[in-house]
Amino acid sequence: KDLSYSQKTSYEIGEILRATFQGTVEVLFVENETDVFGTFDLITNRVSVDKTKEISNTSLTNLAALECYKRGGKVYLLPTEQMPMKHSNLNAIFRY
């Protein structure tokens with residue numbers, strides 16, 4: 001079943017991070033050898049993406065993968081050509 005562009009999927013890092021902390025990501029596809037750096041505020045659920053790694057930020061890619069795994073989701077590391085949606089380095093399928 002094709003879930004592309006449905007309410008059960010996301011390719012947007014902010015939406016994916018919020019969902020991982022809520023435990024609603026069933027499957028997370030992570031593009032191999034890519035990273036997105038920034039900050040995520042747990043209280044406001046605000047995501048800020050930075051262009052480079054700094055002392056004050058973290059890997060949002062790793063954060064999403066770890067939180068998804070800790071909450072029972074499956075995490076798959078894929079090469080670029082196997083990502084479901086090529087324009088995003090994180091692809092998520094929600095539980096509901």
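Two strands pair if DSSP finds at least two bridges between them. Helices (H or I, at least four residues) and strands (E, at least two) are DSSP runs, numbered from the N terminus. With those terms set, take β2: five bridges join β2 to strand β7 (residues 90–94), and the two run antiparallel. Within this pairing, Phe29 stands opposite Asn91 in β7.

The model is predicted; local features need pLDDT of at least 70, side-chain atom pairs count only at pLDDT 80 or more, and totals for chains, interfaces and linings use all residues. Residues are numbered from 1 along each chain as its sequence is written, and side-chain values use heavy atoms, with hydrogens and water left out.

Now the other neighbour of β2. Strand β2 spans residues 25–31 and is joined to β6 by five bridges, this time in parallel. Leu28 has Val75 as its bridge partner in β6. Val30 stands opposite Leu77, also in β6. In a regular strand the side chains alternate between the two faces of the sheet. Strand β2 is mostly covered: six of its seven residues are buried. Buried means under 20% relative accessible area, exposed over 50%, and partly exposed in between (1.4 Å probe, protein chains only).

These pairings belong to an open sheet. Four strands make up this sheet, in the order β1-β7-β2-β6, with mixed pairing. Its edges are β1 (9–10) and β6 (74–78), each of which pairs on one side only.

Step back to the whole chain. Two helices and seven strands make up the secondary structure. From the N terminus, the elements run β-α-β-β-β-β-α-β-β. The radius of gyration is 13 Å, close to the 12 Å that the globule rule gives for 96 residues, so the protein is as compact as a globular protein of that length. That radius is taken over C-alpha atoms; the rule is 2.2 Å times the number of residues to the power 0.38. Along the principal axes, the C-alpha atoms fill a box of roughly 40 × 30 × 20 Å.

What share of the contacts with a separation of 6 or more comes from residues 24 or more positions apart? The share is 66%, where contact means heavy atoms within 4.5 Å. Of the 96 residues, 42% are buried.

The accessible surface comes to about 6000 Å², and carbon and sulfur atoms hold 52% of it. Areas come from the Shrake-Rupley method with a 1.4 Å probe; for residues, only the protein chains shown count as cover.
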